[in-house]
Amino acid sequence: MKDIFKQVEHNINSLVEKQVWWASCASAEQMQNARDGKIELKLGINKTVPSEWIAGIKGKDVLCLAGAGGLQAPILACAGANVTVIDISEKMLEKDRVIARDNDLNIRIEHGNMCDLSRFSDNSFDYIINPASLLYVPDVMPVFKECYRVLRQGGSLILAAPNPIAYVCDYVEDKKGAYYKAVNRMPYRSTDYADQGDWIEYGHTMEAYIGGQISCGFVISGYVEEQMDDITELNFMTKADKI
Ligand SMILES: C[S@@+](CC[C@H](N)C(=O)[O-])C[C@H]1O[C@@H](n2cnc3c(N)ncnc32)[C@H](O)[C@@H]1O
């Protein structure tokens, strides 16, 4: 099998060139608000991270995991956090480099795979902020294990992800009309479907997302979700603590 991560990197870089919406950088207003203590942090879904989840982030060591694109890292840096961002896409990381340079922000920028955080020592971060991106890894467990290792005691992993219902249903048109129908068993892998071409995406189960974090030692202390206009598009965020 070809290197799926090389393929993901290629796919993401192509989308960034097409100016996909989730590669938009933080605005000057969002950065000023963060400097003033009003942190509006979105993780690739519409809802913002509940403010109480990140209330103590000023002065803390924060890893933006698979979180390049110039949105989360600059906002967190403006809020006074010591920010490191790691991402597989150089094109996404370039956005952080440019916005950091233009706004005199000190952000550590690392090109790498979220499944391998071996460059970071144990207990080196207070927060890990992970925008919706686990849909690009075949197995969430190596990521959760690494997150648990690099977080300090009392630290938190905050992530956003799509609920598997988004992958269970497809829009179908047949003699009954056009409607959403449950057609795929979970977990979903785009590589099982010839019509998906080189696109790589995984629909993980809630057991993998929630049970996976718990089995690594995390305690889930926060959960929010949102339903989009397309009612099969359901996103969620969790806050998981290393206690
Ligand atoms: C949908 S974007 C999320 C980031 C964006 N800032 C946002 O607000 O939504 C997904 C990100 O995950 C990154 N990514 C995908 N697979 C990865 C992996 N295995 N390791 C590190 N980053 C990865 C992509 O390069 C991309 O930057």
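Select Ile128 to start: leaving out residues up to four places away in sequence, Ile128 touches Leu63, Leu65, Cys147, Leu151 and Leu157. Two residues are in contact here if their C-beta atoms, placed from the backbone, lie within 7 Å.

This is a predicted model, in which local features need pLDDT of at least 70 and side-chain atom pairs count only at pLDDT 80 or more, while totals for chains, interfaces and linings use all residues. Residues are numbered from 1 along each chain as its sequence is written.

A residue is buried if 20 or more other C-beta atoms, placed from the backbone, lie within 10 Å of its own, exposed if 12 or fewer, and partly exposed in between. Helices (H or I, at least four residues) and strands (E, at least two) are DSSP runs, numbered from the N terminus. In soluble globular proteins, nonpolar side chains tend to be buried together.

**Helix α1**

Next, select residues 4–17, which form helix α1. The 14 residues of α1 should span 20 Å at 1.5 Å a residue, and the end C-alpha atoms are 20 Å apart, which agrees. The expected span is 1.5 Å times one less than the number of residues.

Which residues of α1 are buried? They are Val8, Glu9 and Ile12. These residues cover an arc of only 100 degrees around the axis, which puts them on the same side of α1. The arc is that of the directions from the helix axis to the C-beta atoms. An α-helix has 3.6 residues a turn, so residues three or four places apart point the same way.

Colour α4 (90–102) as well: the buried residues of α1 pack against it. On the face of α1 turned away from its buried side are the exposed residues Lys6 and Glu17.

Move on to Gln19, in the loop between α1 and α2 (28–35). Gln19 has a phi near 60 degrees, a positive value in a residue other than glycine. Gln19 is exposed, with 8 other C-beta atoms within 10 Å.

**Around the ligand**

Now show the ligand and the 23 residues around it, of which Gly44, Ala66, Gly69, Ser89 and Ser133 come nearest. A residue is near a molecule if its C-beta atom, placed from the backbone, lies within 6 Å of it. Which element gives the most to this shell? That is α1, with three residues. By class, the shell has 15 nonpolar, seven polar and one charged residues. Ala, Val, Leu, Ile, Met, Phe, Trp, Tyr, Cys and Pro count as nonpolar, Asp, Glu, Lys and Arg as charged, and the others, Gly among them, as polar.

**Two loop residues**

Select Val137, in the loop between β4 and α5. Is Val137 buried or exposed? With 21 C-beta neighbours inside 10 Å, Val137 counts as buried. Not counting residues up to four places away in sequence, Val137 touches Met114, Cys115, Val143 and Tyr202.

Then go to Arg119, in the loop between β3 (107–111) and β4 (125–130). Arg119 is exposed, with 10 other C-beta atoms within 10 Å. Beyond its neighbours within four places in sequence, Arg119 is in contact with Glu110 and Gly112.

**Helix α7**

Select residues 206–215, helix α7, and pick out its buried residues Ala208, Tyr209, Gly212 and Gln213. They cover an arc of only 105 degrees around the axis, which puts them on the same side of α7. What covers these buried residues includes α5 (141–150), β5 (151–162), β10 (219–227) and β11 (234–241). After α7 comes Gly217, whose phi is positive, near 115 degrees.

**Backbone details**

Two stops remain. Select Asp104, in the loop between α4 and β3. Phi of Asp104 is positive, near 55 degrees, and with 7 C-beta neighbours inside 10 Å Asp104 counts as exposed.

Finish at Met186 and Pro187, which are joined by a cis peptide bond with omega about -5 degrees. Pro187 lies in the loop between β7 (177–182) and β8 (188–189). Most residues other than glycine have a negative phi, and most peptide bonds are trans.
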